[in-house]
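Here is a friendly walk through one model, from a helix and its surroundings to a barrel and a pocket. Have your viewer ready and follow along.

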Amino acid sequence: MTSLFDPLDCGTLSLPNRVIMAPLTRLRSKQPGNIPWELNAEYYAQRASAGLLISEATQICPQGQGYPASPGIHSVEQVQGWKKVTQAVHEQGGRIFLQLWHVGRISHSSFQPDGGAPVAPSALRVSGKKTLTSDWKQVDFEMPRALETEEIPGIVNQYALAAINAKEANFDGVEVHGANGYLLDQFLQDGTNHRTDRYGGSIEGRSRLLLGVVDAVKKVWGADRVGVRLSPFGTFNDMHDSDPKALFSYVLGELSRRAIAYVHLIEPRALPSTQDENLAGVPETAKLFRGSFAGVLISAGGYDREDAIKAIEECRADAIAFGRLFIANPDLPKRLAQNSELNSYDRDTFYGGEARGYTDYPALPPALVES
């Protein structure tokens with residue numbers, strides 16, 4: 001029987017265990033310039049015992065930024081900063097993918113290079129929510145601007161350039177962020193995509209941008225160093241689709257045909273990081289879509305130790321991604337394997353700040369060596 005703590009072949013990587021560190025937005029890049037720095041390097045290196053580290057979401061271009069102090073991968077300084085991170089992780093024997101991100105309509109004009117409106121598939125505002133400006137003020141979402149058809153190939157090219165920069169920064173691969181209501185997810189779902197051109201309408205049309213991005217990134221990295229994150233049935237950032245099962249079955253089939261390293265699915269029971277409890281009575285995404293993708297399936301969303309072990313033993317997933325537990329427990333694989341007590345996380349330090357609540361969570365003391 002396969003265990004959470006068994007090795008896993010993922011593309012051309014051999015992972016020592018199936019405990020994955022989920023991408024975690026922490027808003028601690030060096031300013032100005034959204035540049036990763038020594039503090040970030042220390043944070044990731046502390047967690048290098050994960051089977052795979054997936055970096056925090058990282059904007060591919062200035063237009064794609066939606067939160068203050070989130071890191072980028074589009075400037076020389078950012079690439080050099082990320083090199084500090086990857087070197088620190090590799091020195092600890094770890095493996096790390098960079099998550100490529102464009103937030104689309106979740107941005108604010110204060111982040112846009114020209115001060116203009118955020119871009120989206122369609123001019124539809126996020127309802128009933130608040131966002132942050134570049135100076136950390138909480139405000140209502142703005143009305144986004146629908147991308148012109150001729151602009152979209154440029155977006156694909158920005159993903160390709162970001163993938164090239166990720167390779168220059170010595171990452172082990174990249175994850176395309178197609179989840180949680182950001183730009184690629186906005187194109188996928190008909191609740192946010194009302195386009196009538198080749199990037200809208202049918203499931204095939206709405207999937208065209210995501211799949212085009214995956215194809216472009218594959219040319220840089222090879223399929224076996226590319227992952228994709230998706231959130232079927234997720235409602236975060238005001239998302240919804242009229243037939244998510246049909247949509248994501250199609251997308252997963254296309255990703256399977258492209259033979260990428262893995263797909264990373266978020267369970268809808270996982271609420272935003274402002275809450276701790278899980279939703280009940282929602283579809284089990286990994287179970288529902290297990291047969292739609294032939295490669296490695298990573299499942300994320302509200303797992304505890306018992307749930308994770310059971311999911312692997314029942315073959316509902318090949319690996320489990322942990323978020324909040326990894327924030328507070330840098331040695332999470334060891335703690336889970338030994339069933340050790342877990343540190344409690346401090347929610348007030350999730351976003352922004354420096355070392356407190358970031359690099360100061362203790363690891364287990366080394367085991368005493370018998371003489």
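## Helix α1 and its cover

The buried residues of α1 are covered by elements including β3, β4, α2 (76-91), β5 and α9 (324-328); contact here means heavy atoms within 4.5 Å. Helix α1 spans residues 38-46, and its buried residues are L39, N40, A41, Y43, Y44 and A45. Buried stands for under 20% relative accessible area, exposed for over 50%, and partly exposed for what lies in between (1.4 Å probe, protein chains only). Helices (H or I, at least four residues) and strands (E, at least two) are DSSP runs, numbered from the N terminus.

This is a predicted model, in which local features need pLDDT of at least 70 and side-chain atom pairs count only at pLDDT 80 or more, while totals for chains, interfaces and linings use all residues. Residues are numbered from 1 along each chain as its sequence is written, and side-chain values use heavy atoms, with hydrogens and water left out.

## The barrel

Eight strands close into a barrel with parallel pairing, in the order β3-β4-β5-β10-β11-β12-β13-β14. From one strand to the next, the twist averages 25 degrees. Two strands pair if DSSP finds at least two bridges between them. Strands β3 (residues 19-21) and β4 (residues 52-59) are joined by two bridges, and M21 has L53 as its bridge partner in β4. Five bridges link β4 to β5, again in parallel, with Q59 partnered by W101 of β5.

How many residues of β5 are buried? Six of its six are. I96, L98 and L100 point one way, while F97, Q99 and W101 point the other way. In a regular strand the side chains alternate between the two faces of the sheet.

## Helices across the strands

Helix α3 (residues 152-168) lies across β5 (96-101) and β10 (173-177), at about 155 degrees to β5. Helix α6 (residues 244-257) lies across β11 (226-230) and β12 (262-266), at about 175 degrees to β11. Axes are lines fitted to C-alpha atoms, for helices over the stretch in contact, and angles run from 0 to 180 degrees between N-to-C directions.

In helix α7 (residues 285-289) you will find T285, which counts as buried because its relative accessibility is 0%. Not counting residues up to four places away in sequence, T285 touches P232, F233, L265, I266, E267 and P268.

## A pocket lining

Q31, G33, N34, P62, Q65, P68, A69, H74, Q78, F111 and S134 line the second largest pocket. A pocket is an open set of points on a 1 Å grid over the protein atoms alone, where a 1.4 Å probe fits, with protein on both sides within 12 Å along at least five of seven lines; lining residues have an atom within 4 Å of a point.
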